[in-house]
Amino acid sequence: MAIQCLILGAGQEVGKSCVVAMIGGKKIMFDCGMHMGFSDHRAFPDFSLLSSSNDISCVVITHFHLDHIGALPYFTEVCGYNGPIYMTYPTKALAPLMLEDYRKILVDRRGLEEQYTYENIIHCMNKVIPIDIKQTIQVDKDLLIRAYYAGHVLGAAMIYAQVGEEKMLYTGDYNMTPDRHLGAAQIDRLSLDLLITESTYATTVRDSKYLREREFLKAVHTCVAAGGKVLIPTFALGRAQELCILLDDYWERMNINVPIYFSAGLTIQANMYYKMLIGWTSQKIKDSYTVRNPFDFKHVCPFERSMINLPGPCVLFATPGMISGGFSLEVFKQWAPSDKNLIAIPGYCVAGTIGHKLMSGKPTRIDLDKDTRIDVRCQIHQLTFSPHTDSKGIMDLVEFLSPKHVILVHGEKPKMAALKQRIESELGIQCEYPANNETVLVPTTQSLKISASKTFVRNCTTELDGDERIAEGILVMEKGHNAKIVSEEEFLETIGAERNVVSFTGWVSPLAQ
Amino acid sequence: MEFDYPLLSGHDIIIFSDFSSLDSMDYDEEDTNKCALSGESEDCSMDELSGNDELEAENEKMHFICSCIVDSVKKGGSALIPSGRFGVVLPLLEHICNLFDSLNMKVPIFIISETAQETLALTNSIPEWLCKQRQKKLFSGEALFQHMELIKEGIISVQPFLYSSDLLEIWKEPCIVISPHWSLRLGSAVQLLHRWHADPRSLLILEEGVHAELALMPFKPLKMKVLQCSFLSGIQMKKVNPLFQTLRSKIVLVPQSLRSQFTRRESELYKIYYYTKNEIARIPSLKEGFEAYLATDLVFQLQPTKLPEKNIAVARLKGKLLLRKGIYYLTLPNKQLNMSVKPSVHWGTVEPTCLLQALNEKEIDGSILHNENYDFCVCVEKPAEALIEVKGNKIMISCEDKTVSALINEALNSVCNRI
């Protein structure tokens with residue numbers, strides 16, 4: 001028997017995560033994401049490789065990042081999938097915000113044809129069944145799934161799936177260290193046939209988080225102290241809250257009076273959700289939120305468009321991330337030409353975005369299109385604290401779980417190759433990193449479930465060297481029932497027969513004559 | 001919240017531990033009889049388990065209480081609700097506020113408790129535990145309970161102490177106060193009762209379960225109106241049988257104190273056992289055997305014999321036995337075992353003609369002497385004289401020659417079922 005994994009996305013790349021695993025005859029789709037670097041059909045996984053949209057038993061989404069959920073409305077409303085969809089409560093609450101936000105940018109700013117409508121998003125999300133951490137869900141009589149806390153972003157989960165004796169875990173994106181608003185990933189000691197893990201930082205080992213935070217805070221403080229403006233382009237949900245907590249705390253400690261702004265709308269609405277989903281945050285927040293809710297930022301105020309060119313220092317969180325368009329691009333156009341200002345890029349930027357261009361080398365000019373040119377004289381700071389686990393975290397997880405087989409997804413090819421080497425040589429576990437549209441066959445050790453009688457178990461003997469218990473018995477296999485192993489003495493009773501007893505005598509009865 | 005009954009069905013034992021019905025005022029004879037007669041099919045049981053009828057009843061009660069409060073307030077009296085369970089207080093608050101809103105009345109509501117702020121903040125962060133209607137609020141970005149908004153608007157005021165300057169500044173009567181403690185022996189409720197006990201316009205709302213006579217003795221003479229109500233706290237007795245039927249367990253453990261409320265019909269498949277305080281209840285083991293797993297490589301080594309008349313196949317098995325997390329595993333042993341041939345087990349009727357044929361194959365001539373039911377006798381002449389008597393499953397081989405005896409035995413074995 002084997003588990004068959006079809007990698008529809010995030011194979012040797014970061015983006016459009018989608019894995020369809022056939023386990024024990026049941027198909028599960030883990031994640032249904034879109035690739036942020038494309039705006040045409042290449043953004044979605046190739047669903048035509050599936051024999052039918054509806055032979056999938058269920059779809060499970062790990063978290064609300066677009067590269068994990070972006071293609072879901074397309075899959076349900078356009079491809080016609082109408083089976084169960086599972087995700088955690090925060091994911092169900094926050095995903096529509098992310099999806100609608102991105103859809104608006106595509107349509108309003110870039111004038112591109114949308115792949116799905118606002119109604120599609122609402123209709124799709126209405127079908128979602130929310131699940132809690134460590135809640136076991138019986139999808140049907142054979143398939144069982146369970147979510148584990150993954151850290152990374154609010155509501156992110158690792159998904160465990162089991163059919164009969166075949167067990168696997170799909171990690172999605174996770175973080176093995178806690179941060180300011182989330183705890184670290186938590187997993188039980190499962191015995192797995194297959195582990196599918198992300199490998200974004202497959203070869204990076206990150207040093208102290210505090211050092212890197214201090215660097216960022218110093219850069220921001222220096223800029224505002226000199227009267228400059230700081231632009232932090234982020235998506236409305238995720239890093240924005242983390243950085244806000246960081247800055248709010250620092251402002252409090254250092255008694256700084258410079259305003260911190262959130263671009264109005266989405267992020268403020270998001271805070272409403274975060275306050276209701278406190279149960280999914282870090283232990284520290286859970287212990288103290290009744291006294292002071294960390295998402296009630298003291299120094300943060302909403303921003304108006306008219307304030308872009310007001311004099312004086314400030315810090316602004318503007319969406320979308322990577323300066324891929326929208327409001328953050330508008331602000332960037334105004335603030336980039338001044339050398340007093342600072343742009344802080346929070347995380348990974350997909351190729352093709354302005355964020356990516358700023359990160360790779362120091363451009364003095366950026367051409368938006370043939371008519372627009374922006375002079376870039378401001379400073380650029382790249383934040384190096386990421387919500388993904390580093391390679392030490394991945395190795396720790398693999399070692400802890402000791403699965404029989406590992407598949408790497410969501411990373412870059414050369415780094416994944418190095419990580420695969422490490423896993424195979426240091427942990428002796430077979431590892432692969434398939435490309436998109438490849439299928440991997442993972443053999444599973446199958447065992448037959450039987451029942452053993454008490455006498456059988458009691459009778460088993462110990463070999464001479466005391467190491468192995470050897471058991472002998474008779475296996476009875478009846479159609480429609482579990483096989484049963486019994487001891488010899490119970491055997492005939494089990495099948496309802498009587499033993500033939502043969503006796504010998506040397507005396508031949510005269511009857512014979 | 002809807003309960004996932006099917007997920008929990010088919011377990012071995014249910015321990016029933018809901019004692020709330022012991023002090024329930026709603027218990028009456030009719031309900032008990034309903035207990036015995038209810039629910040024919042599983043579908044019937046599921047319907048009876050749904051909370052809709054309970055919800056309606058609770059809503060009616062809430063409405064009645066609110067209208068009593070409105071009456072008191074209109075006369076100029078205040079209402080005191082000694083808090084016990086917040087699960088009751090919160091919906092009651094929502095009802096009261098909605099009613100006042102519809103009647104355009106502005107009455108201040110005070111919650112006086114040191115832990116109220118924390119509790120109220122907590123109630124806004126537990127969407128996973130609430131009913132689907134309230135979860136919908138999470139998904140549309142609204143607060144789970146109305147009280148959050150009402151506190152912001154200043155309609156509800158949460159204060160830790162009764163004698164704090166903050167509270168005294170905003171104090172206004174008539175008002176509604178929710179304050180501990182339901183026992184009426186501690187907390188701000190005591191002071192407020194002293195203040196209002198002689199006011200015939202005021203209202204006291206007590207939850208059932210409190211011995212009203214005893215609790216109110218220190219406040220006599222009592223001119224204040226008292227409303228004692230019962231709120232749903234556990235499962236209603238009439239729903240217990242449908243519950244057991246839906247869950248389909250093999251054994252049900254019920255407290256001895258509730259014995260009189262359970263009558264089990266003969267047709268039901270579960271067994272009932274009763275338990276009492278401080279006594280160990282002994283339940284017979286349901287396990288007939290142990291759970292075990294057989295490794296496939298061991299399975300491939302098996303040489304099964306088919307027994308078509310019984311529709312089963314049997315095979316001898318020898319392997320390594322491991323115990324991991326309470327489950328047995330049978331795998332291939334590390335060392336090659338000496339598969340010593342065990343004497344085979346035989347069973348089944350011996351057909352006389354088959355036996356003769358088998359004997360002939362071994363060059364033994366014989367003839368059937370008599371044949372009655374399954375008893376028969378075979379007389380052997382060559383190569384030596386022998387007598388084979390078969391009586392049921394007892395076979396006697398009488399022969400002087402040991403070799404011939406052995407051959408006859410072999411022939412016999414070949415015609416029997418054996419392993």
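Colleague: How much area is buried between chain B and chain A, and what share do carbon and sulfur atoms give?

Modeller: Bear in mind that this is a predicted model. The area buried between the two chains is about 6,200 Å², and 59% of that comes from carbon and sulfur atoms. Phe139(B), Tyr293(B) and Asn393(B) supply 11% of the area that chain B buries against chain A, more than any other three residues.

Colleague: What makes that figure a way of giving the size of an interface?

Modeller: Interface size is often given as the accessible area that is lost when the parts come together.

Colleague: And how many residues does the contact take from each chain?

Modeller: Chain B gives 76 residues and chain A gives 67 residues.

Colleague: Why is the pair Arg316(B) and Glu488(A) called a salt bridge?

Modeller: The closest N and O atoms of Arg316(B) and Glu488(A) are 2.9 Å apart. The cut-off is 4 Å between a side-chain nitrogen of Lys or Arg and a carboxyl oxygen of Asp or Glu, so this pair qualifies. Across the interface of chain B and chain A the rule finds two salt bridges.

Colleague: Which element of chain B gives the largest share of the side that touches chain A?

Modeller: That's strand E12 (residues 312-324) of chain B, with ten residues. By kind, the side of chain B that touches chain A divides into 42 nonpolar, 18 polar and 16 charged residues.

Colleague: How many residue pairs are in polar contact between the chains?

Modeller: The count between chain B and chain A is 19 residue pairs, both residues at pLDDT 80 or more.

Colleague: How do you know that strand E23 of chain A and strand E10 of chain B pair?

Modeller: Pairing needs at least two bridges, and E23 (residues 447-453) of chain A and E10 (residues 289-295) of chain B have seven, so they count as paired. The sense is antiparallel. For a spot to look at, Leu448(A) stands opposite Leu294(B) in E10(B).

Colleague: What salt bridge does Glu213(A) form, and why does it count?

Modeller: Its partner is Arg180(A), with the closest N and O atoms 2.8 Å apart. That is within the 4 Å limit, so the pair counts as a salt bridge. The pair links distant parts of the chain: Glu213(A) is in helix H5 (residues 209-225) of chain A, while Arg180(A), 33 residues apart from it, is in the loop between strand E10 (166-170) and strand E11 (194-199) of chain A. Over all chains, the count comes to 32 salt bridges.

Colleague: Which domains is each chain divided into?

Modeller: Chain A has domain 1 (2-205 + 387-441), domain 2 (211-382) and domain 3 (451-512). Chain B has domain 1 (5-49 + 235-275), domain 2 (53-222), domain 3 (292-341) and domain 4 (346-418). Taken over C-alpha atoms, 94 Å separate the centres of domain 2 and domain 4 of chain B. In chain A, the centres of domain 2 and domain 3 are 76 Å apart on C-alpha atoms.

Colleague: What is the omega of the cis bond from Pro180(B) to His181(B), and where is His181(B)?

Modeller: Omega is near 10° for that cis peptide bond. His181(B) is in the loop between strand E5 (176-179) and helix H10 (188-196) of chain B. A cis peptide bond also joins Lys220(B) and Pro221(B), with omega about -5°.

Colleague: What does Ser233(B) touch, leaving out residues up to four places away in sequence?

Modeller: Ser20(B) and Arg85(B). Ser233(B) sits in the loop between E7 and helix H12 (240-247) of chain B.

Methods:
Residues numbered from 1 in each chain as written. Chains lettered and ligands numbered in written order. Predicted model: local features only at pLDDT ≥ 70, side-chain atom pairs only at ≥ 80, totals over all residues. Heavy atoms only, no water. Contact = heavy atoms within 4.5 Å. Buried area = accessible area lost by both parts, 1.4 Å probe. Polar contact = N/O pair within 3.5 Å; in protein donor to acceptor, adjacent residues only side chain to side chain. Helix = DSSP H or I, 4+ residues; strand = E, 2+ residues; numbered from the N terminus. Nonpolar A, V, L, I, M, F, W, Y, C, P; charged D, E, K, R; others polar. Domains from an automatic or database assignment.
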